[in-house]
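Please keep the sequence and the coordinates at hand while reading.

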Amino acid sequence: MSELLAIEVAYATSGRQTLIALELPAPATVADAIRASGIQSRFPELANKLLDVGIFGRATTMAHPLKAGDRIEIYRPLIHNPKEARRIRAAK
């Protein structure tokens with residue numbers, strides 16, 4: 001009998017935050033968790049895209065193996081380059 005991993009998948013837009021708790025049989029990867037969460041059907045903008053992901057704020061890959069208690073975060077692309085935004089604020 002395989003061990004079950006309790007994990008969470010998180011994604012947030014400017015107006016909505018979603019946290020999906022699920023259990024997956026070990027071994028499982030980040031990609032397995034995202035697929036099992038169904039989050040791409042809730043947020044169509046994520047479908048068929050190369051996703052930037054992390055576990056507890058640390059960037060990782062879709063092939064990263066999961067441990068029990070991991071929280072997978074799906075990151076949105078930056079709207080503005082932080083360095084450029086600082087330059088614009090400083091110029092004002």
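Threonine 18 counts as buried because its relative accessibility is 8%, where buried means under 20% relative accessible area, exposed over 50%, and partly exposed in between, with a 1.4 Å probe and protein chains only. This residue is found in strand 2 (residues 17-25); helices (H or I, at least four residues) and strands (E, at least two) are DSSP runs, numbered from the N terminus. Leaving aside neighbours within four places in sequence, threonine 18 is in contact with Val9, Ala10, Tyr11, Ile39, Arg42 and Phe43, contact being defined as heavy atoms within 4.5 Å.

Alanine 36 lies in helix 1 (residues 30-37) and, at 48% relative accessibility, counts as partly exposed. Not counting residues up to four places away in sequence, alanine 36 touches Leu22 and Leu24. The C-alpha atoms of alanine 36 and leucine 24 are separated by 8.2 Å, the two residues being twelve apart along the chain.

| Residue | Element | Relative accessibility |
|---|---|---|
| Threonine 18 | strand 2 (residues 17-25) | 8% |
| Alanine 36 | helix 1 (residues 30-37) | 48% |

The protein has three helices and five strands, which run β-β-α-α-β-β-β-α from the N terminus on. Its radius of gyration is 16 Å, well over the 12 Å that the globule rule gives for 92 residues, so the protein is more spread out than a compact globule; the radius is taken over C-alpha atoms, and the rule is 2.2 Å times the number of residues to the power 0.38. Taken along the principal axes, the C-alpha atoms fill a box of roughly 65 × 25 × 20 Å. Buried residues make up 29% of the 92 residues, and among contacts between residues at least 6 apart in sequence, 45% join residues at least 24 apart.

Confidence is lowest in helix 3 (residues 82-91), at a mean of 81, and highest in strand 5 (residues 71-75), at 96.

Residues are numbered from 1 along each chain as its sequence is written, and side-chain values use heavy atoms, with hydrogens and water left out. Since this is a predicted model, local features need pLDDT of at least 70 and side-chain atom pairs count only at pLDDT 80 or more, whereas totals for chains, interfaces and linings use all residues.

How values were computed: pLDDT = per-residue confidence, 0-100.
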